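Subject: Structure handover

Dear colleague,

Here is the structure for your files.

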Amino acid sequence: MTKSLGFLLLRLSIGIMLIHHGYEKLDSIENFADAFVRPLHIPFPVTMSYLAAFSEIGGSWLLITGLGTRLGALAIMGTVSFGIYHAIMTSGLNIYLLELLVLYWGGAACIVLNGGGKFSIDHLIARKFRSNNLIVVPKQGVLYVKKELEEEPARYLEGLAKLSKIESPWENPQ
C-alpha cells in the first residue's frame, strides 16, 4: 500500500510538473525547433518538435490519470533522453542543466519498470482481467480465450499438448 502511494506521488509529480513544458513547446514551436532541435541536426525539426511536445503532454496525462502509465512514461523517457543529449552536446556535463532532466528521466524509468501502482486505472483493468481467470484453450487448431473451469483443468492441458504436436505448415514450406 505504501509502495503504491509512492508510485502515485511519483506519477503525479512528474505529470503535473512536466505537462507545462509540452504546452510551452506548442506555444512557440518554431522557437523550440530553432533552439533545441536544429542544433542537433535532427531531420524535420518542426515535426520532431511537435512530437516532443505531444509526448510530454500525452505522457503527462497518462501518468496523471494512471491509464497506460508505462507507455506515457516511455514517451517521457524518450523526449527527456533527447533533452539530456542536447544539454551534454551544447553545455557539457553541466549539473545545473542536467539535474532536472535526470530526475524526470529517472522517475519515468522507475514507472516504466514498475508500473503505476495500485492507485492507477491500469491496476483496476489488470485486476478485472485477473479476476475472470481467463485461460487460452485450443479448439480445432484455433486458440480461444475462455473462463477457466476448476473441475476440468487437466482437459485443457491435454488439449494444449495435442496442439503443440500439430505440425505447422510454415515450418516446412514446399
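Predicted model: local features only at pLDDT ≥ 70, side-chain atom pairs only at ≥ 80, totals over all residues.

Residues are numbered from 1 along each chain as its sequence is written, and side-chain values use heavy atoms, with hydrogens and water left out.

Overall

The protein has 7 helices and 2 strands. Both kinds of element are DSSP runs numbered from the N terminus: helices are H or I with at least four residues, strands are E with at least two. Their order along the sequence is α-α-α-α-α-α-β-β-α. Of the 174 residues, 29% are buried (under 20% relative accessible area; exposed is over 50% and partly exposed is in between, with a 1.4 Å probe and protein chains only). Taking contacts with a separation of 6 or more, 59% are between residues 24 or more positions apart; a contact means heavy atoms within 4.5 Å. The exposed surface comes to about 11700 Å², with carbon and sulfur atoms supplying 66% of it (Shrake-Rupley method, 1.4 Å probe).

Helix α1

Helix α1 covers residues 2-27, 26 residues in total. From its first C-alpha to its last it reaches 38 Å, close to the 38 Å expected at 1.5 Å a residue; the expected span is 1.5 Å times one less than the number of residues. A kink of about 25 degrees is centred on L18, the bend being the angle between axes fitted to the seven residues ending at a residue and the seven starting there. L18 is also among the buried residues of α1, which include F7, R11, I14 and K25. The buried residues of this helix pack against α2 (29-37), α3 (45-65), α4 (69-91) and α5 (95-114).

Helix α3

K25 of α1 also has a partner in α3. The side chains of K25 and E56 form a salt bridge of 3.0 Å, N to O (a side-chain nitrogen of Lys or Arg within 4 Å of a carboxyl oxygen of Asp or Glu). This pair links distant parts of the chain, with E56 in α3 and K25 in α1, 31 residues apart. Both E56 and K25 are buried.

Beyond its neighbours within four places in sequence, S55 is in contact with S60, A75, I76 and T79.

There are 2 aromatic pairs (rings of Phe, Tyr and the six-membered ring of Trp with centres within 6.5 Å; planes under 30 degrees apart are stacked, over 60 edge-to-face, the rest tilted). One of them is Y50 with F54, which is stacked at 6.2 Å centre to centre and 15 degrees between the planes. Y50 and F54 both lie in α3, 4 residues apart, about one turn of the helix. Y50 is partly exposed, because its relative accessibility is 35%.

Other salt bridges

The count of salt bridges is 3. E30, D34 and R38 are linked in a network: E30 to R38 has its closest N and O atoms 3.8 Å apart, and D34 to R38 is 2.1 Å, N to O. E30 is partly exposed at 41% relative accessible area, as are D34 at 42% relative accessibility and R38 at 34%.

Regards
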